[in-house]
Amino acid sequence: MKRREGLAKLMGREAYVDDLTVADCLWGATVRSSCARGRIREVRFGEGFDWGEFVVVDHRDLPGENVIALIETDQPVLAAEAVRHVHEAVVLLAHADRDLLRRAVEAVEVVVEEEPPIFDFRQPPEPAQIQHGNDNVFKELKIEKGDVDKALAKAPVVVEGVFTTGAQEHVYLETQGMLAWVEDGVVTVKGSMQCPYYVQKALKLALGREDHEVRVVQAPTGGGFGGKEEFPSGIALHAALLALKAGKPVKLIYERGEDMVATTKRHPSWIRHRTAVDTKGRLLAQDIEVVLDAGAYATLSSVVLSRAVIHAAGPYHCENVRIRGRAVLTNAVPFGAFRGFGAPQSLFACERQMDRIASELTLDPVRIRRRNLIRDGEETATGQVITDGTDRLKVLDRALELSSFQHKRRAYLDFNDTHPYLRRGVGLATFLHGAGFTGSGEVYLASEVHVAGLADGKVEVRTANTEMGQGTQTVFTQLVTDRLGLKAEDVVIAEPDTARVPDSGPTVASRTTMVVGGLIEKACDDLRRRLGLGNEERGEVLTAALALWHRQHPGEELLGTAHYEPPDGIHWDDANYRGEAYGAFAWATYVAAVEVDLRTYTARVLDFVAVQEIGKVLHEVLARGQIQGGVVQGIGWALLEDFRFKDGAMANGQLTNYIIPTSDDVPPIRVAFLENPYAHGAQGAKGIGELPMDGPAPAIVNAVAAATGADPCTIPLTPERMMSVLEAREVAR
Amino acid sequence: MTMLFPSDLEEACEMLAASDGKAVPLAGGTDLLVHWPQRFEDHGRTFLDLSQLAELRAIRWSDSALILGGGVTYWQTLGDRAVCDAFPLLEKAGRQVGAVQIQARGTWAGNIVNASPAADGVPVLMAYDAVVELVSTQGEEEIPLSEFYLGYKQMRRRPNQLVRAVRLPRRRHDVEVFEKIGPRRAQAITKLGFAATHSAAGWRVVANSMAPTVCRCRTLEGMLEHGSPIRRPEDLMPAIRQDVSPIDDIRSTAQYRQKVFSRTLFHALFSDEK
Ligand SMILES: Cc1cc2nc3c(=O)[nH]c(=O)nc-3n(C[C@H](O)[C@H](O)[C@H](O)COP(=O)(O)OP(=O)(O)OC[C@H]3O[C@@H](n4cnc5c(N)ncnc54)[C@H](O)[C@@H]3O)c2cc1C
């Protein structure tokens, strides 16, 4: 099927929120804290501006609670008495002249009496730095199985390692932006977002309004990667507050620099492994500690931590596992959702550790994985018995074959012997990713989907799930055409607008195709049922039945509906972290070939192979695109994206100095899929979007280790870092 | 913002003089317009548009030199086979400036006058002994590029002077090397780099991002001149410390810059590997 949402984007015709022209609209802007922690003493409005001309909003203008509704209620919409991080929003301004507004923002000074901030999430806080509970720990989790201490004590070999990963900026093409206006008493916001109902929930609480008094519409969105999961709630509130006070529409669009410094990022991590193995490399015990920097507010850190710990033991079977995790407050700009949601961090550590164990035992890194990969009937760390029938060894073998792993390895040995300064190596990572929400998440979401049968014979899919580049509209269309035998042009995808579409949950965690897609199929069946048709009736029969129904029920609406119901046999114990963490896992092996230049300490990826079993490939081109794009993001995180902090905020918040890969930094990315349909996913599909963020970093860094004999455990592995790692190797020799 | 549109070079010089040197020449604008919305202090300035002046866009040859007009873009040189054959480092460096869009608008003269220590065009021009031809209502002046810079963003061009051309003497070179080490393979600000040439006029080694200005490395040139024995990159360190003074900044560290300078120089000029 042709991509439905492609052409308008390609031709530059798609109207993103900044492209919308609205009569008599003001520009909004945000005045932020320049201090990481302290009490707000005063807000000074500087000389040279007629402040009466500006719409000025602060925390006193909030009709409801000063809280951005999310898991916790700790984050204010606008700082009132205190600030907890640099760039925290304190005052909002609006004016018709955008240039004047930019200068005005510079002229407002938030005077803060400083209190001691904490920036290092690995250090225990001093008493004066405590800002949450008695230890600044937002969330602590533990997974335990077997007797780890005993196994560690008895084991012939114990390998220890510490791994650290950096923050990462989403760099979606379109920056955050929101347009707000009040229409017939309804506060309406339209903008760039992944989760319209999250935004609606936040608007209701902070504006003190009911469902029907707030309306949220997703504008075409230029990328999200998690960065538009929770963050848009705050900016939507800011735009709405300005619009309410101004009595005019207000557009609040972040410029790139502001977007980079003030919005959420991937959580930095510190992870320690102690692994007990026998001399053949069989895992006897995994003792893992995961610490995440949460930043100044709780945001989604508890669930990011949850996914991090559940994935920390990797795709392996081990009798004795202990995983302890904590997400810790610092006075950094809050970290939040980002593609992979904690799993990339813990899988990086896990897969580096597997190679380090292999090297300690002088075993082949392929052999050690083969030996430990989970088999059907065996249990994960949470005690989930894997019974999906996927041939995980076949996934591994396919990747080895596609990448000519063994051949490359031999050829590179010769190359490295003769070349004066280039060193080549291949590395791999085998991993898993849990599809959809963790544990009972979907039950709480209680998603609902509508498929409306229209009088003109078309059907309209109504969900709150958003297109942001991944091809949602195409896949939804395809699911309906396959289910109902209609043509693509007879399927309408409704604009995600809370006034028109039911709450089908957020567009995150690769749940859209798998879970929401499944609900669309059910709603299609329900539509047929309401027409008195059996599930085998399709195409013209259906169109005719629709026309007849509308003739008999003029002016009425015909809706097929579906509600989420958990599959049988899924039990999750959230208190003890035991049970079925996910309905299904996708399985993958990625292989990277790299070249390290010993003159410049630069690693370059020469070749990349990504093989994954994802249930069912619904749309090959889109699926491939997801993987390739994600691998590029993964290469950036592994090698280039060196996030620099100053007082907990991004110091290199420009695209000149925050380095993401260009097309010239990316090798050919070869993608292959294996299929083993998942009974509860649309047409058998599982999640796919996070895999390419999980695999590249460990595969690439393992390849660097193979090429150089060094032991890099920190990413991004920038040339400067590579220099010290290689020097450490020289000293060690 | 006020924009002046001269119809020829003479008028451009007059407009510049009339503004008392306050008007800012604008060629490709790829330096001047970066972060424009945030550059409040520039919004009220007067700019002198050079991009339409045909005289500045010309590439010419004399018996003894290549003369790049003061408005010649990287893209123009990349498309000129004769230039690329005679001065291959112009091609090598030109291809590594930004990416195609920047190469199409950015000019060699703009790169010189922007006076960034990280400029990639300047080292190769300097390694070819380029001479900057300046012009104003008061007359003409010629300054060798290697003597053009006085300190960080300081240069011998007076505000009422325009770069009319950059002149490169025609010589036979038996060594021509350019290395740009940046954080990625395109659209990258150089962490360190150098250009080196050898001709009858001797050795030239020019470093960028290693000192407050792009500069010639006279000690290294002397070592090459004398054929001093160099067996390992480390042997170059004393000379490097004399010639340049790199710093720690947001893009890299002094240590990395020095070390990688020694290693890339060594492999390019001193080692006997092929
Ligand atoms: C995305 C991007 C990537 C870049 N990548 C690189 C890179 O890889 N390497 C690199 O070296 N640079 C790079 N640059 C910087 C810039 O493109 C170059 O320095 C370019 O050569 C500037 O030329 P211009 O004509 O655009 O200069 P302008 O911006 O027009 O002017 C620069 C300065 O020169 C002065 N000027 C220009 N022409 C004259 C003249 N004839 N007489 C007197 N004064 C003059 C101007 O007044 C100004 O001070 C990049 C810029 C961008 C935006």
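1. Conventions. In this predicted model, local features require pLDDT of at least 70 and side-chain atom pairs count only at pLDDT 80 or more, while totals for chains, interfaces and linings use all residues. Residues are numbered from 1 along each chain as its sequence is written, chains are lettered from A and ligands numbered from 1 in the order in which they are written, and side-chain values use heavy atoms, with hydrogens and water left out.

2. Ligand shell. The ligand is surrounded by 32 residues, a residue being near if one of its heavy atoms lies within 4 Å. P25(B), T30(B), D31(B), Y74(B) and T107(B) are the closest. The shell comprises 15 nonpolar, 12 polar and five charged residues; here Ala, Val, Leu, Ile, Met, Phe, Trp, Tyr, Cys and Pro count as nonpolar, Asp, Glu, Lys and Arg as charged, and the others, Gly among them, as polar.

3. Elements of the shell. Helices (H or I, at least four residues) and strands (E, at least two) are DSSP runs, numbered from the N terminus. In chain B, β2 (24-26), α7 (100-105), α8 (108-114) and β10 (162-169) each contribute at least two shell residues. The largest share, four residues, is that of α8(B).

4. Atom pairs and cover. One ligand oxygen atom lies 2.5 Å from an N or O atom in the side chain of T30(B). A ligand nitrogen atom is 2.9 Å from a polar backbone atom of V163(B). Of the 980 Å² of accessible area (Shrake-Rupley method, 1.4 Å probe) that the ligand has on its own, the protein covers 88%.

5. Sheet of chain B. Five strands in the order β4-β5-β10-β6-β7 (chain B) make an open, antiparallel sheet; strands pair if DSSP finds at least two bridges between them. β4 (59-61) and β7 (139-144) of chain B are at the edges with a single partner strand each, so one side of each has no neighbour in the sheet. Strand β6 (residues 131-136) of chain B is joined to β10(B) by five bridges, and V132(B) has V166(B) as its bridge partner.

6. Sheet of chain A. The open sheet β3-β5-β1-β12-β9-β10-β11 (chain A) has seven strands and mixed pairing. Its edge strands, β3 (55-57) and β11 (214-218) of chain A, pair on one side only. Six bridges link β1 (residues 26-32) and β5 (residues 89-95) of chain A, which run antiparallel; the partner of T30(A) in β5(A) is L92(A).

Key
A polar contact is a pair of N or O atoms within 3.5 Å; within protein, one must be able to donate a hydrogen and the other to accept it, and residues adjacent in sequence count only if both atoms are side-chain atoms.
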